[in-house]
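The sequence and the structure come first.

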Amino acid sequence: MTTANNSTTPATAGGSKASLPPIKSTEENHFGVLLLIVGTIKIIFGLLFGIVFLVIFLLVTITGIGPLIEYCQSKRDEKEALNHDVILQAHPEMFLLDVPGDINKASGGMAYRVMVRLTKPTSDDDTNNANNLPPVIFPGGLASNLMTMSRHQDELTKQHGFTVVNFDRLGVGLSDPYPTNFNRQPPSAVDVAREMNFVMSHCESVLQTKYKWICVGGSMGANVATAFMTLYPNRIGGFFNLDGLPHAFLQIQCKKFLKDGQMIMNMMRRLRWTGLPRLAFRLALQSTLPVMGDAFTTRQFIGVMCRDQFFVATGLEYTTLMRRSLG
């Protein structure tokens with residue numbers, strides 16, 4: 001006994017069956033429509049942002065308001081907010097340290113100075129407690145400087161009795177910029193690790209003690225800390241990774257991020273004369289500045305990010321995330 005074939009698949013002229021295209025479900029259709037709407041919104045917002053940016057750019061440049069304000073603010077920063085003599089007088093815990101040119105290859109063999117902030121407990125109780133506590137070192141993250149971590153540094157010292165060292169790398173923050181007569185090459189994480197070791201050794205001579213250090217590395221600082229532990233495994237007693245990424249991940253996943261970051265820094269450097277980067281930083285950091293502590297002023301936070309050396313150093317240091325060779 002045979003049964004009837006109720007298949008609705010049509011037959012071709014040769015007798016073979018032709019397959020029908022799969023029918024999309026209602027959910028798939030809705031998802032496709034949603035993606036189309038989101039893509040359209042992104043395009044609209046991108047166009048609106050471009051139009052607003054163009055209007056602001058033309059307004060501040062044609063009228064000359066932006067360049068005039070940037071010129072006046074930069075001159076004021078040089079005389080007051082970012083003047084080494086003014087800062088060192090206001091912060092006796094800070095000092096400039098001479099570093100030999102063979103420490104960091106990015107110096108081109110020239111000696112340079114880095115700004116160091118060394119905070120120690122002051123009360124009798126904290127001092128006694130500090131005798132049993134290892135010192136803490138902060139290798140700064142990408143685009144950060146010793147001001148960025150000042151709140152954490154002060155809390156560790158004042159509330160917990162730790163001796164804490166923070167410093168600005170070559171070209172960063174209040175340290176000397178990269179030499180202008182040298183073909184600039186990005187420092188590797190190993191270069192920064194050697195620089196950090198030099199700072200730590202000097203601070204040990206100041207403290208007249210020698211402990212294993214606790215290293216707190218945030219962002220790119222975690223990569224520097226990893227390089228440091230490879231070079232000097234007996235100098236570190238503990239390591240805290242604050243949002244740092246493994247070096248292998250950076251090698252594989254972050255090449256586009258690094259390329260885009262360098263492009264953005266170069267673009268902002270070219271726009272610095274207009275005053276737009278200063279305005280962007282002020283707006284972007286408005287909600288962040290209060291949580292960075294009160295050791296430094298808003299003008300100092302903003303001013304250090306609006307100098308030419310900030311854009312040069314940050315652009316170069318995007319590569320520092322990728323390079324960790326021991327050569």
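On a 1 Å grid over the protein atoms alone, a cavity is a set of points where a 1.4 Å probe fits but cannot get out, and a pocket is an open set with protein on both sides within 12 Å along at least five of seven lines; lining residues have an atom within 4 Å of a point. This is a predicted model, in which local features need pLDDT of at least 70 and side-chain atom pairs count only at pLDDT 80 or more, while totals for chains, interfaces and linings use all residues. Residues are numbered from 1 along each chain as its sequence is written, and side-chain values use heavy atoms, with hydrogens and water left out.

**Cavity**
- The whole structure has 1 cavity of 30 Å³ or more.
- The largest cavity holds about 60 Å³ of space, and its lining includes Asn 145, Arg 169, Phe 310 and Glu 317.

- The largest pocket holds about 350 Å³ of space; of its 13 lining residues, Phe 49, Phe 53, Leu 271, Leu 276 and Ala 280 are the closest to the centre.
- H10 gives the largest share of this pocket's lining, with 5 residues.

**Aromatic pairs**
- There are 4 aromatic pairs in the structure (ring centres of Phe, Tyr or Trp, the last by its six-membered ring, within 6.5 Å; planes under 30 degrees apart are stacked, over 60 edge-to-face, the rest tilted).
- Phe 281 and Phe 311 make a stacked pair, 6.2 Å centre to centre with 15° between the planes.
- Phe 281 lies in helix H10 (residues 276-285) and Phe 311 in helix H12 (residues 308-320), 30 residues apart; helices are DSSP runs (H or I, at least four residues), numbered from the N terminus.

Methods. Grid points are joined across faces, edges and corners, and a volume is the space filled by probe spheres set on the points. Helices (H or I, at least four residues) and strands (E, at least two) are DSSP runs, numbered from the N terminus.
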